[in-house]
Amino acid sequence: MRVWDMRLLQDDLPTEKRRTEHIYDYVDSEENRRRVDQHFTKLQRKLIIGLIIGFLLPNALLSAYFHYQFTHTLRDSAILSLESVADNQKNSLDLYLRERIGNLYNLLLNPSATVPPTQATMDGYLRSLVRFHDGFIDVGLIDAKGILIGYAGPTPEQLGQDFSDAPWLKQLLNRDTSHIISDSYLDSRRAAHFTVAVRHVIQGQVYVLRATLDPDELYLLLRSTVHGSNVESSLVNAQGRYQVVDPKIATATDQAPFLPPATESVAIHEQDIEETRTLIAYTWLTEAPWSLLVSQPLAVAQSGMYQARLILTISLVSISLLFCVIIFFTIRKLMDDARRMAEKGHQLQEMLAHASKLASIGELAAGVAHEINNPLAIIMATSGVVRDMFNPEFDLDNSPEALFKELDVIDNAATRAKGITKKLQEMGKTRMPQTEPCDINAQVETVLARLKKVELKSKAIDVQFNPAEDLPPILAEAEPLRQVFTNLMLNAADAISDKGIITVTTAVQDSMVAITIADTGRGIPPQNLERIFHPFFTTKGGGQGTGLGLSIAASIVKHLGGVIKVNSIVGRGSTFTVLLPHNFYCPLDT
């Protein structure tokens, strides 16, 4: 039965007959301590990284989510604030313009108004307008032909001027509206003005009363309704030219950087102005063909909330760092405690190993005494028989043939004692190793060939060898390796009472060369697995074994840096696996 067949049958066995595994592994104290330190260092690193990631990742995701929401809230808040300013200013401007239009209507609807007006009448008109609002500059009356027939103001030379080609006058006379507000224009002194004009029928004739207003009054009105830092308000016409603007920024009739599209309500536009990201709220006035632009740098609009977000971010980062530091030192302390406990456990293991060695020495001494005493007793008894053969009282046969027969008994007993001492010497003698690259497959074939000719010749055992291809060589001595394989194969053969199979397999497992020797014999009881590598432990009766074979094999494998594993199922067989590193060599005398 092959090794893998035995593994498939394991689940079908009763609990008491399932496979029992024992590993004989030589571990140096310093090497083991180094491995333990590496293990705890890696474990500490993994725990710290895992806990920090486990703590920071959710916080980072939540922070990203809240940052996203906060950013949108900042922008929406800035937009709402700017829209509110624009809406308030629009209402204020429309009210202002309606009042100025109403001021002109009140003059035309005066029952005492006469045409053509006298200069005193026009001067009275101007005083009345200025009394209503000091932004009025002049006033004039235009007849249906477009001639200025009355004027009061700083430029009396305008009296009699023909305005029939003025665009604003054409629009007023040719459409249903009764009033109009013109675009801003520059006079001869490069001062900006705009005209407010109303149309009325007096004595059956159409007359237009016009007045010029100073745009600075509108700008002051805009400034008075602004609440916020770096908020700029301006008015532009349908062509995108300024009508009212801060003199520090531009001049009336200059082209504005943004031409707002037509809209019935307040809208928001965002663009770069002089390399500064700027929010622009725009809306069109009701009383004039102008659009109100209210702009503010985005950074300024969101500065207050930016500061709040910065404080929250710094707080979150500080708390996260504090937790990371706490996690780091807590895990470090826990790992130090665990490392100290592991070191204490390792010390206990070393003490237990030392006690086990002392017990093994006791067993070794007892075994040596027992094994040596047997041939010595035979020698002493046989020598007594020889003496008795020469004593006439006993009348024994003292012929040379009888004497040689007794001497053969002595020789056999001495040879047996010599064999025991020789095996003991092989376990501990010092000699110069002769290392060479050993082909494991070749060594196994050599051992099998010898065993088949001698030890296994008379047994009904089928030996199967499954060599691995491209098996790396082992740097070692060939004879000790063959001794290991011989001992394991002879044990496998002894475990088979009648017919059976011994399967030898070679392979590479995790940078180790694996030699597996499986048999279908009686198996090893669990209570014996811990003792099979002890010197002089044997289950063979009748003086058939000394109990040194597996001990010597384990010693050789140990010094090669390898491991011997044993898997056994009582009644089904055993599997010995020898693992040898193919890039390591430790001389046998160390």
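Helices here are DSSP runs of H or I with at least four residues, strands are runs of E with at least two, and both are numbered from the N terminus. By that rule, the protein chain has 12 helices and 19 strands. This is a predicted model, so local features need pLDDT of at least 70 and side-chain atom pairs count only at pLDDT 80 or more, while totals for chains, interfaces and linings use all residues. Residues are numbered from 1 along each chain as its sequence is written, and side-chain values use heavy atoms, with hydrogens and water left out.

Two totals for the chain, then. Of its 590 residues, 39% count as buried, where buried means under 20% relative accessible area, exposed means over 50%, and partly exposed is in between, with a 1.4 Å probe and protein chains only. Contact means heavy atoms within 4.5 Å. Among contacts between residues at least 6 apart in sequence, 63% join residues at least 24 apart.

Now the helices, starting with α9, residues 440-453. Its 14 residues reach 20 Å from the first C-alpha to the last, close to the 20 Å expected at 1.5 Å a residue; the expected span is 1.5 Å times one less than the number of residues. Which residues of α9 are buried? They are I440, N441, Q443, V444, V447, L448 and L451. Seen down the axis, these buried residues fall within an arc of 160 degrees, so they line one face of α9. The arc is taken over the directions from the helix axis to the C-beta atoms. The cover over the buried residues of α9 includes β13 (436-438), β14 (461-466), β15 (474-476), α10 (478-495), β16 (500-509) and β17 (512-519). At the N-terminal end, D439 caps α9, with a side-chain oxygen 3.1 Å from the backbone nitrogen of N441.

Q464 counts as buried because its relative accessibility is 18%. Its side chain makes a polar contact with the side chain of D462, at 3.1 Å. A polar contact is a pair of N or O atoms within 3.5 Å; within protein, one must be able to donate a hydrogen and the other to accept it, and residues adjacent in sequence count only if both atoms are side-chain atoms.

Next is α5, residues 215-224, whose buried residues are P215, L218, Y219 and L222. These cover an arc of only 100 degrees around the axis, which puts them on the same side of α5. The face turned away from that buried side carries the exposed residues L220 and S224. At the start of α5, a side-chain oxygen of D214 comes to within 3.1 Å of the backbone nitrogen of D216.

Helix α12, residues 549-559, is mostly covered, with 9 of its 11 residues buried. Among them are L550, I552, I556 and H559. After α12 comes G561, with a positive phi near 75 degrees.

On to the aromatics. A pair of aromatic rings is described by the distance of the centres and the angle of the planes. Rings of Phe, Tyr and Trp (its six-membered ring) pair if their centres lie within 6.5 Å; planes under 30 degrees apart count as stacked, over 60 as edge-to-face, and the rest as tilted. How many such pairs does a search of the whole structure find? It finds 4 aromatic pairs. One of these is the tilted pair of F163 and W168, 6.4 Å centre to centre with 55 degrees between the planes. Both F163 and W168 are buried. F194 and W290 form an edge-to-face pair, 5.3 Å centre to centre with 85 degrees between the planes. This pair links distant parts of the chain, 96 residues apart: F194 is in strand β6 (residues 192-202), and W290 is in the loop between β11 (276-284) and β12 (291-297). F194 and W290 are buried as well.

Both members of that pair also touch D183. D183 sits in the loop between β4 (179-181) and β5 (185-186), and is partly exposed at a relative accessible area of 30%. Leaving aside neighbours within four places in sequence, D183 is in contact with H193, F194, N237, Q239, Q243, P289 and W290. Its side chain makes polar contacts with the side chains of N237, at 3.3 Å, and W290, at 3.1 Å. D183 and F194 are 11 residues apart in sequence, and their C-alpha atoms are 5.8 Å apart in space.
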